[in-house]
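Student: Could you walk me through this one? I have not looked at it before, so please go slowly.

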Amino acid sequence: MNPVVSVLFVGGVLGIGAYVVAVLDRAFGPVSRGPRDWFVWPIRRAAFLAVQRRTETERPDAEAWILAPALLAALAAAGLTAVPVTPSLAVADVSAGVVLFGAAMIIVMVAVFLQGWSPNSLFPLIGAYRFAAMALSFGIPFSLVVLTTAIPAESLSVGAIVASQEGLWNVVRQPLGLPVYLVTGAAVAFWGPFRIPEGTDLAGGAVLEASGSARAVWRIARAGVLVTLSVMGAAIFLGGHLGPVLPGWAWTALKTLVLLAVFVWSGHAFARMRVERFVWFGWVVLLPVALVDVFASGILAL
Amino acid sequence: MGLRGWLGRLAVGVEVPVFPVVGGGAREAIQDLRLRPELELVDSPRHAAVMLVVGAFPPGDVDGLAQVHDQLAPPRRTVRWGGEPVASLPDAVVVDGGEDAVVAAITETFAELMSDPDRGEPPILPDVDPVEWRGVGPYGQGGMGMTGGTPYGRPMAERGPARDGLELDRVPITIGPWLPTLPPGLRLDVVFQGDVLQEVEVGPAPIVPGEGSDLFVRALTEPVPIAEMELARARHHLRLLAEILRVEDLAVASRRALRLVHGIRPGATGEVERLAAALVRAGLYALALRGVGRLDRPPPGPAARATGVAVDARSDDPEYRKLGFEPVTVEGGDAAARVRLLLAETVQALELAAKAGPARAGGRGVVEAPRGRLEVGEPPPERTLLDLAPEVLVGQEWGDAVTIIHTLDLDVEAAGREIPV
Amino acid sequence: MSVLGVTAIVVFGVASVVTGWLVFRTDSMVRAAYWLMASFVGVGAMLVTLDSQFLGLILILMMAGEMTIMAIFMVMYMMNPAGLNPMVMVHQHRTAIAAGVGSFLLLATVALVADFPADPAPAGADPTAELGFELLGRSMLVFESAGVALLAVMIGAVAVAGKWGRFGDADAGSVEPPLDPEEAAS
């Protein structure tokens with residue numbers, strides 16, 4: 001794909017996706033002012049954050065503070081490039097596409113750590129440390145279930161993984177994969193019950209000190225990570241662009257929307273998990289389940 | 001009109017981000033504001049455009065208010081609701097009247113602010129270092145080794161042994177009294193190692209206690225209707241529940257509990273029971289509360305009943321016994337048990353209120369208030385709980401500490417009141 | 001290799017060297033750790049440009065986690081709250097200079113003396129698949145024994161981390177150590 005078109009395409013998908021996340025979030029959220037408000041609210045909110053000035057703390061790590069939201073957005077974009085939207089249209093269907101996606105999602109840890117660390121403030125720092133503890137716990141199960149989808153395809157390319165699901169989707173072939181992916185995916189985006197680094201007990205945690213455009217970019221980038229996770233989840237578990245009647249891009253969009261709705265709904269449906277409980281959950285529940293997923297798929301493939 | 005002006009006009013209509021600063025006697029009023037769709041009460045001053053100052057404060061400069069004001073990201077405005085203007089905040093818009101009046105004033109102030117974003121309030125304090133930089137060493141690191149010294153006049157954190165045998169930095173810091181995550185006025189002077197609290201002291205609260213609901217105090221000396229007392233208990237429990245759900249990031253359920261406060265009727269327990277079932281489904285106990293803050297010997301009151309001990313001043317009351325009153329208890333003694341008890345007692349209170357009819361109880365010098373045993377000549381239960389806090393909080397991670405503070409129902413304001421004899 | 005490819009390699013290479021140098025020029029532990037990560041990302045990007053996509057991306061993936069852990073441990077053990085007060089990132093200057101010059105000379109000698117193969121990879125080869133065949137073909141024994149050992153360690157770690165066991169719950173009857181270490185010692 002032409003580089004300029006690629007940039008516009010990725011930016012467009014992330015922008016539209018972030019808007020959809022905001023609309024869904026409003027629809028599932030606690031404030032009910034009617035459906036019209038769902039669509040207007042994100043724009044008004046963004047306008048307010050654009051007007052609000054950025055604050056400064058005492059002796060922040062100023063460069064890292066600016067870098068963190070940009071890095072998060074860049075990671076969402078990088079992960080998105082590997083997914084083919086239609087059989088012929090992918091920004092970069094590289095031969096190790098799922099590894100590219102996995103690397104991008106693991107580096108989210110760096111972005112959150114920088115965001116929490118750079119303002120030189122206690123609660124954001126605790127938030128950053130919490131996310132590091134979380135990331136070490138969900139990182140392995142997340143990578144395992146993503147890489148397991150490559151076993152039936154005999155390729156790490158996302159295009160090949162989608163093609164291998166002609167006939168039987170991975171959500172059926174690897175029944176443990178999608179649930180673990182959804183849980184760890186929500187944790188990657190520190191969303192819903194995994195809002196651990198940004199919890200109310202920390203008064204906003206990693207973003208406590210961020211205001212104005214810095215906060216807006218961080219919010220949009222985080223929504224972008226959710227979008228990337230949904231697009232990739234649709235591709236590797238729900239057969240991506242495969243489907244009857246409708247064109248490929250429509251199937252991709254539809255499946256992505258379903259996963260996005262599940263992610264956003266979970267954000268309002270569950271209490272925030274304690275970090276200790278999450279670490280236990282990651283190592284004692286998610287990791288063994290992910291390993292069983294790998295074994296079962298391996299045996300099935302033999 | 002520039003781009004900022006245009007964006008500002010677009011922003012009007014979003015719910016106004018308000019940072020609440022809550023003084024004495026305003027706890028319930030500020031909680032009710034959370035139900036207003038026009039406002040969003042935020043946890044960090046950085047996220048707010050309007051600082052709302054409510055309740056009673058001591059005269060003169062109030063500790064920390066000017067700092068909080070300057071932490072609001074510009075453009076910002078201050079609104080003072082009810083009471084005297086506060087000396088620390090000279091530019092505040094003063095509003096009197098009810099909830100509608102203050103909401104109208106805030107939205108109007110916000111619209112004004114957005115129409116001309118460059119005309120917010122200037123900072124109150126000068127933007128200077130507290131102490132001049134006194135670093136030495138080739139990198140200004142403050143000492144001659146790799147690190148050390150007293151940069152910006154603050155001594156570097158001292159390392160101290162932690163419970164697992166490691167040596168970790170100790171970070172002394174004051175949290176509160178204006179942090180919306182904590183109950184109003186609660187100021188904690190703590191020492192952190194990592195996010196574990198190593199030392200906790202409850203600091204002085206810079207607020208003036210409000211009148212408070214005197215129903216239970218009145219019941220010490222004269223009989224009052226049981227139905228009224230039990231409805232007050234149910235309302236208190238639901239308000240506390242709403243607060244717990246808020247800090248556990250269950251905003252939808254928190255609003256539901258808060259709406260119930262205004263809609264309860266004697267005997268109408270169905271809605272509370274449905275809420276209780278919804279909380280189980282939301283994983284409140286499994287994900288957030290189970291095993292947190294287990295107490296061995298809590299003071300008489302709900303915290304004790306959550307450890308399975310049936311201590312309740314109502315058990316000895318003949319009027320209550322006529323209604324067939326039995327204290328509700330829950331086993332466990334942790335935060336989950338305390339929340340379960342809260343819900344069970346709310347249901348019980350509504351049932352009692354329906355059964356009681358015009359019956360009155362009281363005048364015996366002892367009464368079971370929502371937070372525990374209220375007795376003539378004894379300190380109020382709130383003070384006992386607040387005195388217990390440092391001991392319980394030491395050794396907890398910050399997130400668990402917040403859960404404990406709310407499930408123990410700490411109230412600085414009520415702890416400062418004297419029981420009139 | 002195309003001009004674009006060569007340019008990319010040079011750019012990534014220079015970026016790796018510069019960010020590697022910055023590790024020692026910064027005054028903050030977290031920045032040092034992440035400059036080092038940036039340096040590794042540069043190396044990973046070079047590998048990707050050289051058509052070793054899998055190796056390059058895996059390198060980046062591993063480094064992100066490792067450098068964060070390194071930063072956390074450094075901040076934890078140094079007397080420096082949050083690592084935000086400036087500190088010197090270099091010490092033991094003579095040893096460091098000797099080690100630096102020594103390893104540079106060694107690597108430079110290797111680069112000049114070694115006889116690198118010049119035959120280009122056949123067009124259309126899939127390097128990821130080739131790597132897989134290499135690991136599971138000739139080196140299968142080594143790879144598989146390491147893999148099985150690692151997996152056993154992972155399962156063992158989970159079993160040890162689990163609370164339950166043959167003799168009941170791991171924390172049954174245990175008491176948290178007191179906060180005061182002297183009390184703990186007595």
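Student: Let's start with chain A: what share of its 302 residues is buried?

Tutor: In chain A, 62% of the 302 residues are buried, where buried stands for 20 or more other C-beta atoms within 10 Å of a residue's own, exposed for 12 or fewer, and partly exposed for anything in between, with C-beta atoms placed from the backbone. Please keep in mind that this is a predicted model, in which local features need pLDDT of at least 70 and side-chain atom pairs count only at pLDDT 80 or more, while totals for chains, interfaces and linings use all residues. As for names, residues are numbered from 1 along each chain as its sequence is written, and chains are lettered from A and ligands numbered from 1 in the order in which they are written.

Student: Okay, and how many helices and strands does chain A have?

Tutor: Chain A has 12 helices and 0 strands, where helices (H or I, at least four residues) and strands (E, at least two) are DSSP runs numbered from the N terminus. The radius of gyration of chain A, taken over C-alpha atoms, is 19 Å, close to the 19 Å from the globule rule for 302 residues, so chain A is as compact as a globular protein of that length. That rule is 2.2 Å times the number of residues to the power 0.38. Along its principal axes, the C-alpha trace of chain A spans about 60 × 40 × 40 Å.

Student: What about chain C, how many helices and strands there?

Tutor: Chain C comes to 7 helices and 0 strands, and 23% of its 186 residues count as buried.

Student: Now the contact of chain A with chain B: how many residues come from each?

Tutor: Chain A puts in 38 residues and chain B 40, with two residues taken to be in contact if their C-beta atoms, placed from the backbone, lie within 7 Å. On the side of chain A that touches chain B, helix 2 (35-51), helix 5 (122-148), helix 11 (248-269) and helix 12 (275-301) each give two or more residues, and helix 2 gives the most, with 8 residues. That side of chain A divides into 20 nonpolar, 8 polar and 10 charged residues; here Ala, Val, Leu, Ile, Met, Phe, Trp, Tyr, Cys and Pro count as nonpolar, Asp, Glu, Lys and Arg as charged, and the others, Gly among them, as polar.

Student: Which residues have the most contacts inside the largest nonpolar core?

Tutor: They are Leu72(A), Val108(A), Met109(A) and Leu52(B), in a core of 252 residues, and such a core is a set of buried Ala, Val, Leu, Ile, Met, Phe, Trp, Tyr and Cys residues joined through C-beta atoms within 7 Å. Helix 4 (residues 97-117) of chain A gives the most to this core, with 17 residues. Leaving out residues up to four places away in sequence, Met109(A) touches Phe131(A), Ala132(A) and Ala135(A), as well as Ala64(C), Gly65(C) and Thr68(C).

Student: Switching to chain B, where is confidence lowest and where is it highest?

Tutor: Strand 6 of chain B is lowest, at a mean of 67, and strand 1 of chain B is highest, at 93. Chain B as a whole has a mean pLDDT of 85, with 89% of its residues at 70 or more; pLDDT is the predictor's confidence in each residue, from 0 to 100.

Student: And His406(B), buried or exposed?

Tutor: His406(B) counts as buried because it has 25 C-beta neighbours inside 10 Å, and its place is in helix 14 (residues 398-407) of chain B. Beyond its neighbours within four places in sequence, His406(B) is in contact with Glu243(B), Ile244(B) and Val247(B).

Student: Last topic, the backbone: which residues does a cis peptide bond join?

Tutor: Pro74(B) and Pro75(B) are joined that way, with omega about -5 degrees, and Pro75(B) sits in the loop between helix 3 (65-71) and strand 4 (77-81) of chain B. Most residues other than glycine have a negative phi, and most peptide bonds are trans. Val245(A), which is not a glycine, has a positive phi of about 60 degrees, and Asp249(B) likewise has a positive phi near 60 degrees.

Student: Are those two buried or exposed?

Tutor: Val245(A) is exposed, because it has 6 C-beta neighbours inside 10 Å, whereas Asp249(B) is buried, with 22 other C-beta atoms within 10 Å.
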